[in-house]
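Have the structure open as you read.

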Amino acid sequence: MSLHPTLVRVPGTGELSLAPPGTPEPPDSTTALAAAWTGLGLSTEDGVTIKRTIEKSGTTHWQQITPARYIYTSQELTVASVFQESKGAVLSVYFGGMTFAETATGSKKYRAEISAVPKGDERALCVDWTDQISATEIYHHRLYVPRVEVSETADAQWTRTQEARWGLTFAALSPASGTTLAVWLTDDPAVLLATPGGGSLAASGKSD
């Protein structure tokens, strides 16, 4: 058995941020995001849900009932969260790029139009989360997806017994070049744990 209780991670806090498509990858997991990025703020206790779905079909044969190989037919990477701040950055994404503007200078009255024609609203996305185990043991994780688009919006119910909530699911789009769909940045040595068949955690300095 190879058990490492010290490698259990709890994403204690974090935030999802968006930027214009083509915004460069951040340099690491701890450097503050550049001005191009806008945080979407508070989200429900469920945090962020990452889902990776791969579909494949097995070849069929006259002579055998077991596939000789599998053919990959699709891959989907999604990032979902339910946001609690009813601010422009969140509402714009929920309503497909809607933008509020002041009706007259100094009026403090704002107006936005929801288009009758759905259109693409491509963004770059970052999800940041931190696990603070102790005052000296703090690990940061950052998932960067260069191209995403909203694939699903959850029903928004307005009621006096609950804050307005905006559920959004972002789906990764094919990279503009190359084969990198997303990038995971971290300062957490747990990721150096050897793959099955190995055995050591190179940077942790800890042993069983």
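Is T161 buried or exposed? T161 is exposed, because its relative accessible area is 65%; buried here means under 20%, exposed over 50% and partly exposed in between, with a 1.4 Å probe and protein chains only. This is a predicted model, so local features need pLDDT of at least 70 and side-chain atom pairs count only at pLDDT 80 or more, while totals for chains, interfaces and linings use all residues. Residues are numbered from 1 along each chain as its sequence is written, and side-chain values use heavy atoms, with hydrogens and water left out.

T161 sits in the loop between β8 and β9. Helices (H or I, at least four residues) and strands (E, at least two) are DSSP runs numbered from the N terminus. R123, by contrast, belongs to strand β7 and counts as buried because its relative accessibility is 17%.

Each of these two has a side-chain polar contact, meaning a pair of N or O atoms within 3.5 Å where one must be able to donate a hydrogen and the other to accept it (residues adjacent in sequence count only if both atoms are side-chain atoms):

| Side chains | Distance |
|---|---|
| R123 and D121 | 3.0 Å |
| T161 and T159 | 3.2 Å |

Leaving out residues up to four places away in sequence, R123 also touches L18, A19, P21, S92, V93, P146, R147 and V148, where contact means heavy atoms within 4.5 Å.

Now the inside. The largest nonpolar core has 20 residues, and L16, L18, L40, F83, L125 and F170 touch the most other members. Such a core is a set of buried Ala, Val, Leu, Ile, Met, Phe, Trp, Tyr and Cys residues joined through side-chain atoms within 4.5 Å. At least two of its residues come from each of β1, β4, α1, β7, β8 and β9. Another core, of seven residues, lies apart from it and includes A19, W37, C126 and L185.

Last, the largest pocket, with a volume of about 480 Å³. A pocket is an open set of points on a 1 Å grid over the protein atoms alone, where a 1.4 Å probe fits, with protein on both sides within 12 Å along at least five of seven lines; lining residues have an atom within 4 Å of a point. The volume is the space filled by probe spheres set on the points, which are joined across faces, edges and corners. Of the 22 lining residues, P11, G47, V48, V127 and W129 lie nearest the centre. β3 gives the most, with six residues.
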